[in-house]
Amino acid sequence: MSKKISFTFDGKKYFGNEKDTLASALLRNGVFLVGRSFKYHRPRGILASGSEEPNALVQLESQGFTEPNVKATEVLLYEGLKANSQNNWPSLKFDIGSVNNFLSPFFPAGFYYKTFMWPPGLWKKYEFFIRRAAGLGKSPKENDPNEYEHVHYHCDYLIVGGGVSGMLASEILRQGSNENIKILLIDQNNELGGNFNYGTEQRIYTKGIVNGDEAYSGWIQWLKNHIKKYFNLKILNSTSVFAYMHNNYLLAIQNIDPQISPQNKTLRQRIWKIRAKKVILATGSFERPLVFDNNDRPGILLANSAKQYMEKYNLKLGKKTVIFTNNDSAYQTANFMFRTGIPIECVVDLREKINPYLQKLMDIAKIPIHFGHAITDTSGWLRIKSIKINKIDGKTNKIIGKAINIDCDNLLISGGWNPNVNLFSQSRGKLIYRDLDGCFIPQESFQNEISIGACNGTFELENIFKEAYKKLEHLINPELLFNKFYCEETTYKENIKTIWQIPSSKPLGKTKMFVDFQNDVTSKDIKLALSEGYRSIEHIKRYTTTGMATDQGKTSNVNALGIISKISNRPIEELGTTTFRLPYTPITFGAIAGRNIKDFFDLERTTPIHEWHLKRGAKFEDVGQWKRPWYYPIKNENMQKAVNREVEATRNGIGILDASTLGKIDIKGRDASEFLNRVYTNAWTKLEIGKCRYGLMLGDDGMVIDDGVTSRIGKNHYVMSTTTGNAASVMSKLEDWLQTEWPDLKVFLTSVTEQFATISINGPYSEKLLNKLCPKEDFSNNNFPHMSFKEINVLGISCRIMRISFTGEKCYEINIPSNYAKNLWEICFDLGKEYNITPYGTEAMHVLRAEKGFIIVGQETDGSVTPIDLDMSWIVSKKKYDFIGKRALFRSDTIKKGRKQLVGILTTNPDIILEEGSQIVEKITKKPMDMIGHITSSYYSPNLKRSFALGLVKGGLDKKGLKMFVPMINKNIEVEITNPVFIDPSNKRLIA
Amino acid sequence: MNKKPKKYSVFSLIKNAFTYHENWQPAWRSPEPKKEYDAIIIGGGGHGLTTAYYLAKNHDLKNIAVIEKGWIGGGNTGRNTTIIRSNYLWDQSAALYEHALKLWESMSQELNYNVMFSQRGVMNVAHNLHDVRELKRRWHSNRLNDIDCEWLDTNQVKKFCPIINTSQNIRYPVLGATLQRRAGTARHDAVAWGYARGADAMGVDIIQNCEVTNIIVQNGQVTGIETNKGKIKSKKIGVVAAGHSSVIANMVGIRLPLESRPLQALVSEPVKPILDTVVMSNTIHAYVSQSDKGELVIGAGTDSYTSYTQRGGFNIVEDTVTAIVELFPLFSRMKMLRHWGGIVDICPDASPIISKTHINGLFFNCGWGTGGFKATPGSGWVFAHTIANNEPHKLNEPFSINRFSSGELVDEHGAAAVAH
């Protein structure tokens, strides 16, 4: 006896076996009622045994570990597992919601489109109740304690599916290739072996190492053990491939240690990102339910799934079993039950006869078969109690004769098999409909892929063997195969009689023939959709919601197509399938996010001086991905006080700014000057080496997209600085232009943002500090004027120093290799003490630059502002043949008068600081008001001893001196339009 | 002409229950195309169907056809995340979307088809100072344009949507949000179906599975179209074919400034009510709402390449879901159920084209980018006006195709600072 594992379902304790799934464990304990359906709250049990399960959904675990809508068939049992049924109240057995089942005549497909419209205001109320009725399980309310991760993997062959076809493929490829190939075999179950449709009793032969003959089940066991030994074959169990993207890029999700409870592990799931040279799809098939009246009761299972439960898990399902089939595969279940002594009441077969060998087997087993019969109704509520069968006319498929009642507590159904073509279809392969057995099968691959076995519509074992060798032959050296397997002719043939909708003695409108079990879509819903003109398969799907449940239509899609075809009298192949899309099976959000959350969510970028800022107690601001010091409060200083202090120190002593975050692009090459001519509005050819120039970059619509200072380092060598937030996008734009528009230009771009740190030393005493730093150098105006550049050795380190300014003060920007930046910063700090050197953050920087009327791209501009709007026409070259945005600057709208222009704005009351983003009007009127502009920047200036602002105002340049209003919620603030330069308009401080 | 459709109501549902719902009439007919129409609308998406509906309703043009290559509502109408709002920055956009929003508010009653317009509010969340500045600008602008909009600080955000992570110690903390309470979501398919039913009732022929292969122009005047169902004459042709508008424009030598790119979206498995509003974040790029069925509906950003394939890269899905988990850590154990891609046609200024052309009788309505669904009724309303009068309505004047030569753009890229 294997170990017993305890678990609870709806609070009641049960025991299961070691290899049980939750579904098999529930069945083991005689629990056939597991859930309630979405719409009618009908009692539901377990229909299937894998990812196709539509009914047996549970809420797993509680608190942070809880997970809604878990298919009981997919959970391996672990000690202490807690599961609860969903979508019922007060209890699973007595669910008030099932009143819907009796009101169902009033709830046909799409009923909600036809009602709840009156009175108009009441929809919110109706919706409140509709929302509470809908949904299945409950979302977690706490954070997820588990973790997830991603792994990248490359291989020669990726085999998806570890059933007979997949294992055989891996064995053929391994034997037939050299040792260097890498094979990855992925299987969604905990153990290889898969399902099997036609031929479990067949014998397998080989002329190689496994001499003699083996029955299939023995052979599969041998193969399972055998292939595990090979080092070039990696096997992933409990892993589902859920996406097949372009270029053989596939994604799989692995459940880590599924037999350990989530509370006892950290890592829960891992996503594999796989790039394979060749993909072998061996994804098997799903058994199709039959669509008849009341085909959804607990105790009704798919025949092959039932066999799995009996064979693999050693279960005895019911006491009175009936099998209802239209094909041979269900007889395997019958034969298995006979051999293991599980009684069968009878088989109901839609066909008129079966092959003699099968008939003999059934005769021996003494199992009565009702040929040419169909189940036309069932009874029972929490479990099936009996069925009604009728003879049907072989030609018209209509009911003839009287119904026979048969008692049963277990009904096994088989409507044939649907190849699992989900991944094939995701890969954009073309499907074709095979009328013979009502299957969509792969027709033409779109990627480097081969489908084999049941997913290719090859169901019989002997053919699976033949096909595997034939389809893989060209990939291998056949001489290397040391054993080749054969299979005897299969007993169970694919011989199927498809009736998509089993006839009933009732009018269709009175029946409940479920097509999509979970969403409660019945065959009459499909008929209704068709009769209301929803004829496209997509319309029917969306109108009835068939195939849109959490099982993604694995058991329902083909039946729905069959029924549409029958009702609308159109061939299935004309209807087409709906597109299969990722994911093959629902995927945990946390797994998709992987490790990229919390601390790893969009990694922070920090400058080499960051630690110093931290120590100094800086408050930080997010600028793009960067953390920039916002202000440095001392003791209990509030933000305004700190900023005032920083601003005043900069104007009166020295302010020091970490400007390392600005983008820096190294531009080299024969055509570097020409390149700059094209990307900036001004001219660059005549810029002397050792000089700097400010540039504005425009989009092709003529609007400002970036600005910065570029320095000429050599004849063919510049270094450009960009705004912090745009560094990456400017770099890629430049590359884009170079590579696609001007491939003739010889220019090479390198981002050096992180190679250099930038220390900006501002203020009237900045030159003094530089002199102390490099006593041998001459930093005076004569030798080192504003807008010039020098390479200078600072304390033994070669630095690039630019005399440029964003504060309006005399300023030296030292660019130093990043490793030395923090040391230099600290040294500057020590040397500058006597000048009251003060670190300032981005807020003080904003105040300083705004006092001087300097713009910030993205603040004074918003993608609708030209250089002319900024009153910067001086920077737009009139002589240059062309530059990006030039043509756009001469369009009728860009040259028209009265565009929004940059101005200064002063409140009449100097104590009011305007809100950035607030709007400006000429007159206060009733809403809607005519807005003529908005406040782009607004601060308090300790130098002006008052508030001030910048803004964009329609025709602003002509409105200076005029009074306007900024209407706020409770007050209208009077303002005056002014010049945007508030300090040192003649640049005396700058060039001092 | 179609007979007057029977009204939908709870009474008709009950009445039909007694005949097993076998006597409902088709929501719209499936007619063969006539030889000639007064106006032809190419494209049976939401915008095309509303155009036909308002042409028939407001302008007394009854002989109208909607020509659809596939099935109606199969493009972005059936592939979007159904967010409806009007809190746009620029006056031109705000006026157009507000007009649409007003039509949404009475749509179910007007069409007698429940489109489930659910005014549960839309929050646009700010994560940094730049966001705050931009969203406040929008708030003030909306306020003065008489469009409902509120500013919520972090605590108010938490109060309005308790499950959002408002911890200030995360990578991009919530610093505030704008809230438009009249905004919300709707049942996207129902919009197409409702307008189709309404248009059909007024005699509009909705012709599906009919592909336009050529536009016939004589002496600068359109005279008809060629299709796989034969030639159809008309002197007024409105093209509402989203990204494929460029293909149709090419037939008459017009180059439209459109780029078509994949835009992906996904839903989770359905759960009981957990999120009662729409949350949008531009900085970390995620938006999410919960449908009436219980699924979390999540939108992503566009892929960065042009394509007509209706599929994108998984990296975009990964980024979006990561952002959702960051903003709503409690959703970590929820599962992605379905994922799909649409193709969005984007103008350089991220605003639509609703315009006549230099060819007499030929009109275009396209370029709605990532934000067309919310405009559906308004778009059709103004486009119908434009087609009927051969002149734009005041609301769509700013969206003329000429703006790309004049430069009078309505740049919602830079300005809105928010995904549509």
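Predicted model: local features only at pLDDT ≥ 70, side-chain atom pairs only at ≥ 80, totals over all residues.
The largest nonpolar core has 184 residues. Phe328(B) is among the members that touch the most other members, a group that also holds Val279(B) and Phe331(B) from chain B. From chain A, this group takes in Leu158(A), Phe324(A), Leu411(A) and Phe589(A).

## Extent of the interface

The size of an interface is often given as the accessible area lost when the parts come together. Here, chain A and chain B bury about 10000 Å² between them, and 56% of that area is on carbon and sulfur atoms. In chain A, the residues that lose the most area to chain B are Arg131(A), Phe589(A) and Phe601(A), together 9% of what that side buries.

The contact involves 126 residues from chain A and 110 residues from chain B.

## Polar and charged pairs

Across the interface of chain A and chain B there are 62 residue pairs in polar contact, with both residues at pLDDT 80 or more. The salt bridges across this interface number 12. Lys896(A) forms a salt bridge with Glu408(B), with the closest N and O atoms 4.0 Å apart.

## The chain A side

Helix α4 (residues 123-133) of chain A gives the largest share of the side that touches chain B, seven residues. By class, that side of chain A has 52 nonpolar, 38 polar and 36 charged residues.

Key. Residues numbered from 1 in each chain as written. Chains lettered and ligands numbered in written order. Heavy atoms only, no water. Core = buried A, V, L, I, M, F, W, Y, C linked by side-chain atoms within 4.5 Å. Buried < 20%, exposed > 50% of the residue type's maximum accessible area, 1.4 Å probe, protein only. Contact = heavy atoms within 4.5 Å. Buried area = accessible area lost by both parts, 1.4 Å probe. Salt bridge = Lys/Arg side-chain N within 4 Å of Asp/Glu carboxyl O. Polar contact = N/O pair within 3.5 Å; in protein donor to acceptor, adjacent residues only side chain to side chain. Helix = DSSP H or I, 4+ residues; strand = E, 2+ residues; numbered from the N terminus. Nonpolar A, V, L, I, M, F, W, Y, C, P; charged D, E, K, R; others polar.
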